[in-house]
Amino acid sequence: MSEEKKKCGLYMRVSTEDQAREGFSLPEQRERLEAFCKFKDYEIVDYYEDAGISAKTGNHRPEFERLKNDIKAKKINTIVALKLDRITRSIYDWENLMTFLDENGAYLDCVNDEINTTSANGKMISRLLMSVSQNEIERTSERTKIGLAGAIKSGHIPHIAPLGYKHEDKKLVIDYSTKDIVVRIFDLYYNGYSYQKISNLFNDEKVLGKENWRDSTIVNILENEIYKGDFVHGKRTKHPTYYENVVEPIVSKEMWEDCQVQKKKNSRSYKRTLTYLYLQKLKCPKCGRILGGKATTKKNGNTYFYYYCNDCKIEFKEKVINDYFSQFIDELTEYDSVVNQFFLPMIKQKFDEPKEQLEKEIKEQKNKLERIKKAYINGVFELKEYNEEKKIVEKSISELESKLDTTDCVEELRFTPKDILLKRDIDFINKIKLDKEYQERTKTWKDYTRQEQAELIMKYVDDIELELISNDISVKQINFRESICKPCQELFDNGYIDTTKPAIFGNVLGNIRFSNYLPEKEVSEIIMRLKQYYDVSYTEATYYVDKQVFYFNFVEDNSAIVRVFPLKDYYKLDPDNKMEIYEFGIIYIREEDKFQMQEIDTAFDYIPDETNDSVLYMKELKPISVGVKPVKFCEEDTE
């Protein structure tokens with residue numbers, strides 16, 4: 001066999017990572033292989049070069065396939081390569097190649113590894129070296145995956161930034177100039193719009209200056225986990241990796257999941273006709289899967305809603321959850337009113353669109369506009385292209401500046417945490433003293449549509465934990481959304497928002513509005529501001545810690561307690577509840593006390609201003625005898 005003339009095909013390959021390595025470029029491989037063949041007196045028939053292709057299993061190498069076809073056609077009988085790993089790094093592929101060479105009477109020679117397959121010994125050595133090579137690539141792959149996982153978890157997403165995001169310091173962050181477009185897509189789809197209808201709408205409105213929105217674009221956005229803060233690496237592979245909470249989300253996980261549920265049952269003409277209050281909020285107490293919903297409509301026209309788990313054969317009425325919610329649903333709606341009127345305007349920019357971020361984004365967009373102008377001057381753009389690009393950027397700047405104006409509006413009104421507490425006190429008194437007017441102006445839970453109820457639950461509730469007692473389902477715990485509830489808890493801890501608590505007054509059990517400690521000066525200011533509307537009174541009570549009972553000199557003359565609060569910061573003074581008594585202040589109002597202003601609307605639309613000598617803002621220009629602050633403002637921004 002050694003006397004047979006070797007007709008060689010020189011095989012050269014570089015992967016992208018090889019191209020920077022010394023000695024692995026294609027010209028260098030070619031030079032060394034030609035010298036080797038000259039030394040061995042091999043006849044070079046052809047050259048085969050695969051550039052930028054890895055030797056992993058499954059990668060298509062067109063030149064290597066051409067080489068194999070030439071072996072089958074008996075044009076060549078020997079493959080000459082620089083190293084074994086230029087051919088393959090997989091033992092499986094190597095064994096297949098060995099079989100192929102045997103079947104076609106061909107051989108392999110490697111320059112650096114001193115391998116040839118003309119003998120059993122050479123084949124054994126080649127197998128050992130191949131094992132080492134495969135181990136090396138697997139270890140490199142493991143190190144790469146670990147490094148990549150760490151980068152993804154810290155927000156370094158190895159992809160082009162999708163709509164609504166941009167890369168900043170190598171991290172994926174929200175792009176406030178396009179974020180609202182993504183939010184709108186999810187809202188439209190959730191409310192029954194099809195992919196095609198959304199894309200048609202965007203084309204009609206020329207969103208982002210484009211008229212080529214496609215339904216496939218809308219589908220890709222709705223299916224992208226990045227918008228709920230998660231990322232899937234290797235989505236199209238057999239073994240994708242899921243990373244949770246790696247970037248700031250643009251939509252809630254609930255909204256994202258709801259859209260996926262709707263997508264599965266959607267036809268293009270689908271319209272949401274039934275609203276499930278707790279969709280995506282309930283998990284099976286047995287297997288932990290998200291429960292499905294169904295409904296039945298009786299002959300009387302009433303619809304009854306159920307939640308179920310097919311796997312565990314669990315089903316129960318929505319009324320089970322409703323009954324649990326009824327304990328505090330009115331308080332939740334009042335809480336939502338305060339959040340919308342005061343709290344959201346105070347924290348909106350802090351959580352959603354920080355003023356600093358908006359100013360930075362405006363600056364970036366203006367710089368982009370300058371770059372476009374320079375590009376046009378330098379002949380990069382035609383006039384039509386320049387005008388189109390200019391229009392898109394100018395629209396983005398206009399929208400960002402509008403959001404910035406809203407931020408400034410909120411700051412000019414100068415609402416304080418004390419205003420929240422004051423408004424809550426006034427609402428409580430209004431409910432007692434102006435009950436008819438209060439009921440006319442105040443929307444309670446029973447006045448909400450099912451859609452509005454579902455939206456309120458989605459806004460505040462993360463999930464509802466269920467438990468199975470015997471064969472009955474009951475609510476174990478409701479977990480509220482941290483993004484709103486945590487800051488409100490901080491307000492409560494600092495004394496600026498109240499909560500309702502059960503309490504014993506002597507021998508009478510009842511509920512009180514309770515707030516935490518505030519310094520005496522701040523309490524006095526709130527009382528004096530309340531007195532502009534109602535002649536509220538003040539008294540004090542002793543609370544016996546061991547008996548958990550209030551004792552105070554309070555005449556039963558149909559007076560009503562407005563709010564109770566500690567006179568000292570007992571959380572700090574007595575963290576272990578070792579003191580025997582606490583002293584509390586009580587704000588109350590008597591039966592004969594009436595609203596002291598001429599206009600009843602003032603009681604609901606304004607709050608007394610601490611300066612008592614100016615009006616910062618009024619819905620209608622009409623004189624008011626004392627200084628007030630409005631409680632309704634910038635209404636489009638408080639929804």
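What follows is a short tour, from the whole chain down to one residue.

This is a predicted model, in which local features need pLDDT of at least 70, side-chain atom pairs count only at pLDDT 80 or more, and totals for chains, interfaces and linings use all residues. Residues are numbered from 1 along each chain as its sequence is written, and side-chain values use heavy atoms, with hydrogens and water left out.

**The whole chain**

The protein chain has 20 helices and 22 strands, taken as DSSP runs (helices H or I, at least four residues; strands E, at least two) and numbered from the N terminus. Of its 639 residues, 44% are buried, meaning under 20% relative accessible area; exposed is over 50% and partly exposed is in between, with a 1.4 Å probe and protein chains only.

The largest nonpolar core holds 44 residues, and Tyr534, Val536 and Phe550 touch the most other members. Strand E20 (residues 581-589) gives the most to this core: six residues. There's also a second, separate core of 35 residues, with Ile174, Ile185, Tyr227 and Trp256 among them. A core here is a set of buried Ala, Val, Leu, Ile, Met, Phe, Trp, Tyr and Cys residues joined through side-chain atoms within 4.5 Å.

**Two helix pairs**

Now for the helices, with axes fitted to C-alpha atoms over the stretch in contact and angles running from 0 to 180 degrees between N-to-C directions.

| Helix pair | Axes come within | Crossing angle |
|---|---|---|
| H6 (residues 179-190) and H7 (residues 195-205) | 10 Å | roughly 140° |
| H14 (residues 417-433) and H18 (residues 520-530) | 10 Å | roughly 45° |

H14 and H18 are therefore oblique to each other; under 35 degrees counts as roughly parallel, over 145 as roughly antiparallel, 65 to 115 as roughly perpendicular and the rest as oblique. Their contact (heavy atoms within 4.5 Å) includes Leu421 and Leu422 of H14 and Ile526 of H18. By class, the H14 contact with H18 has five nonpolar, no polar and six charged residues.

In the other pair, Ile181, Arg184, Ile185, Leu188 and Tyr189 of H6 meet Tyr195, Ile198, Leu201, Phe202 and Glu205 of H7. Those residues split into eight nonpolar, no polar and two charged. Ala, Val, Leu, Ile, Met, Phe, Trp, Tyr, Cys and Pro count as nonpolar, Asp, Glu, Lys and Arg as charged, and the others, Gly among them, as polar.

**One residue up close**

Lastly, find Tyr544 in strand E17 (residues 537-544). Tyr544 counts as partly exposed because its relative accessibility is 33%. Leaving aside neighbours within four places in sequence, Tyr544 is in contact with Val549, Tyr551, Glu580 and Ile581. The C-alpha atoms of Tyr544 and Glu583 are separated by 9.0 Å, though these residues are 39 residues apart along the chain.
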